[in-house]
Amino acid sequence: MSKKKILFIINPISGLGKQKTIEKQAEKIIDKTICDFSFAYTKGPRHATEIARNASFDHDVVVAVGGDGTINEIALGIKDTSATLAIVPTGSGNGLARCLNIPLNISKALSLINYGATKSIDAVSINNNLFVNLAGIGFDAEVGHLFASNGKRGGLSYVNIVASELQKYKPQKYTLEWDGKKETFKAFLVSFANSTQYGNNALIAPEAKVDDGLLDVCILKEFPLFISPVLAIRLFSGTINDSPYIHSFQTKHIVVQSEKDPIKIHVDGEPLFTMGPLHIEVHHKSVKVIVP
């Protein structure tokens, strides 16, 4: 039987630097009797997509060593190909890895590559972009843009930005069209969830499933500032859907128009601007991934 051909794509600036030891750990843990493996390092935005697309022609497994942004780029490169995604989470939040129960410990995540099962998950297009975890507009997009330009990675930096912006962010109006319905909401944020969470177990869509062919749309309506601690507790306890300030539903396709254009969005945590309207569509089971 021929060996699995594996390429590790490593984001050298992801998260908190855990990826710096990946080559040495892979040499110890990856089973060389069934796997041949090599390494590539990204040099900038979208480089991982280019590497992954080229690797998909002659590699069985492409490993994302990084956070949700790195996974996003690699998923775009291997979508609808025979290549399988593996994840070694070294990001700040690791939302998709947590949702898929992939170990956050590097050694355990590497061991999974040897003998883990393969699962097909959905990907979601948002205009000319793709995401596999979450995309959003409003407050979380604003925070994503500020976090990207902050220069400091890690959860504490993110929390500081959230606390600062919470005092001054103003909700915006969005018009949503889905399944023959059309409604306008004044919303603090609108999250488009393929998986359950932003990362760090912040569960914005606790009932979302990555392989059901449906997108969970979560609208956080305008709320009084003193409610913020309660919303935070609900977010991390998986009970956000019980809040009267949350309106959520599922759909395969949705069109969103903002009162502002271009629209500031985040796609798997990566900040982008795009012209409206947003056309968001689920691509059912279009990415294969190694899971426990």
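**Close-up 1. Cysteines without a disulfide.** The structure holds zero disulfides, and the model shown here and in the following views is a predicted one. The sulfur of C99 has its closest cysteine sulfur in C218, at 13 Å, which is too far for a bond, given that a disulfide requires the two sulfur atoms to lie within 2.5 Å. C218 is itself buried, with a relative accessible area of 1%.

**Close-up 2. Salt bridge between E142 and K264.** Eight salt bridges are counted in the structure, and in one of them E142 pairs with K264, their closest N and O atoms being 3.0 Å apart. Because E142 lies in helix α6 (residues 139-150) and K264 in strand β13 (residues 263-267), the pair ties together parts that are 122 residues apart in sequence. E142 is buried at 19% relative accessible area, whereas K264 is partly exposed at 28%.

**Close-up 3. Salt bridge between E222 and K186.** The side chains of E222 and K186 meet in a salt bridge with an N to O distance of 3.8 Å. This pair links distant parts of the chain, 36 residues apart, with E222 in the loop between β10 (215-221) and α8 (228-237) and K186 in strand β9 (residues 181-193). E222 is partly exposed, at 42% relative accessibility, and K186 is likewise partly exposed, at 43%.

**Close-up 4. Salt bridge between K79 and D80.** The side chains of K79 and D80 form a salt bridge at 2.7 Å, N to O, and D80 counts as exposed, with 56% relative accessibility.

**Close-up 5. Surroundings of T49.** T49 is placed in helix α2 (residues 47-55) and counts as buried, at 4% relative accessibility. Leaving aside residues up to four places away in sequence, T49 touches E73, L76 and G77.

Note on methods
Residues are numbered from 1 along each chain as its sequence is written. This is a predicted model: local features need pLDDT of at least 70, side-chain atom pairs count only at pLDDT 80 or more; totals for chains, interfaces and linings use all residues. Side-chain values use heavy atoms; hydrogens and water are left out. Helices (H or I, at least four residues) and strands (E, at least two) are DSSP runs, numbered from the N terminus. Buried means under 20% relative accessible area, exposed over 50%, partly exposed in between (1.4 Å probe, protein chains only). Contact means heavy atoms within 4.5 Å. A salt bridge is a side-chain nitrogen of Lys or Arg within 4 Å of a carboxyl oxygen of Asp or Glu.
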